[in-house]
Amino acid sequence: MFEQPPHKWIDELRAMLRLAAPLVGANLLQMAVFAVDVVFVARLGPEALAASSLSVSLFGLLIWSLSGLVGAASPLIAAELGRRRHAIREVRRTVRMAAWAGLLASFLAIGVCLLGGPLMRVTGQDPGVIARAVPFLQVLMWAAIPAVLAALLRTVVATLGRPGIGTAITGMAVAINALGNWVFVFGHFGAPELGLLGSAISSVVTSTAMLVAFMLVIRFDRRLHRYRLLGRWWKPEWQRFGDVLRIGLPICGTIIAEAGMFNGAAFLMGRIGETELAAHTLALQFAAIAFQVPFGVGQAATIRVGLAFGARNNAAITLAGRVATQLGIGFMALSAGVMLLFPHQLLQLYIDPSAIENARVVELAVLYMMVAAAFQLFDGAQAVGASMLRGLQDTRVPMLIAIFGYWVPGVGTALGLGLLTRFGGLGVWFGLLVGLIFVAGLMHWRWRNRARLGLLPA
């Protein structure tokens, strides 16, 4: 199932691509799952879309951060397999304890969702939007448990050498969500027409279907079944539970720090002006899509570095890190070039750039995309850098780096230039760039000094 640590760059490149390609595909398909909701809810009117967007923003942040918590299973499993090829018992223990952590954290996420109304009121949202968002969120929150557990199993099957399974199941989820929205939002196949609540029900059904699909594959796939991942789920392994929390909670914190900076940028843009916010949203769409590639490469890097870490092979650790960095930054350089050379063609996917009423939005979006082209490189570098360190089971200091980099130089620059100078929205984007530069630089400094910092296996 697993290859011996390679001695050549080309061998590591092939191994990395075999893991990264399906992971990137699954990440892009996951974005499509959420895009399906927007397509259907947008037909219900702007207030329904705003209510859905508010709820999904909160819920999405919770699920993304908790996926980081259960994602601690990846470096732990990889290290066990690097140490011993047939570490069946150790893998099963890790999956079980990560599932326990994910299940407990999901109940906390549900609790946060129940406080959605007060949270929205504190942030000054429109009362009419809140009135529609709260019941939507109170249905959507039940997707937390299957969504987090499905995220765990997707990570596990990839780490066990079957990343394509996650891609296939996520592709299935896109189709199920589209069908569910069509049935429950508009009332087809004899179902009642539920409108906005129907979209929330579709999300719950989709997340549950993904979890069931992963469980069936794990049960019947011969290579995965040998680990008996679903067995003895009631038996505690407290030391391994502690390992999951030790590695996973800082990953949670890192995700919240980064997402907080980008969400904060949207609020700042809203204060500057509606046109600036619209242009910001458009420009960020392309950056978010491109980011899925280094994010997938980073997931693969965690596994490859983790295998070498468990095998105590420092040369293989170095090689995996070098290839992952080159892949991640190389692709982002390519996407940056596309943003610089073809901004109007990209914008045409969402709006008509030639329409007079869109002139100012297009002008600002093109300006922001020029900054985005620069921060693409650093965004890719920080994603891969953090992931490589996770392979070494180093997550606490990277979390502190993220909190400092995103919120002190990053948000500080955005506030100063965005609100106190004539840069306006462009100043906010400079803040995003500064935050990413700091985080990327410090992550890679830590990676380069991993031996001196005692991060390598003895």
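Student: What are the ground rules here?

Tutor: Residues are numbered from 1 along each chain as its sequence is written, and side-chain values use heavy atoms, with hydrogens and water left out. As the model is predicted, local features need pLDDT of at least 70 and side-chain atom pairs count only at pLDDT 80 or more, while totals for chains, interfaces and linings use all residues.

Student: Why is the contact of Asp-11 with Arg-14 called a salt bridge?

Tutor: The term asks for a side-chain nitrogen of Lys or Arg within 4 Å of a carboxyl oxygen of Asp or Glu. The closest N and O atoms of Asp-11 and Arg-14 are 3.2 Å apart, so the pair qualifies. As for placement, the two are three residues apart in helix α1 (residues 9-41), which means about one helical turn between them. Helices, by the way, are DSSP runs (H or I, at least four residues; strands are E, at least two), numbered from the N terminus.

Student: What makes Glu-237 buried but Arg-93 partly exposed?

Tutor: Buried means under 20% relative accessible area, exposed over 50%, partly exposed in between (1.4 Å probe, protein chains only). Glu-237 has 18%, so it is buried. Arg-93 has 26%, so it is partly exposed.

Student: Which residues are linked in a network of salt bridges?

Tutor: Glu-80, Arg-83, Arg-240, Asp-243 and Arg-246. The whole structure has 13 salt bridges.

Student: What makes something a cavity?

Tutor: On a 1 Å grid over the protein atoms alone, it is a set of points where a 1.4 Å probe fits but cannot get out; lining residues have an atom within 4 Å of a point.

Student: Which residues line the largest cavity?

Tutor: Pro-250, Ile-251, Thr-254, Ala-386, Arg-390, Thr-395 and Pro-398. The largest share, three residues, comes from α11.

How values were computed:
On a 1 Å grid over the protein atoms alone, a cavity is a set of points where a 1.4 Å probe fits but cannot get out, and a pocket is an open set with protein on both sides within 12 Å along at least five of seven lines; lining residues have an atom within 4 Å of a point.
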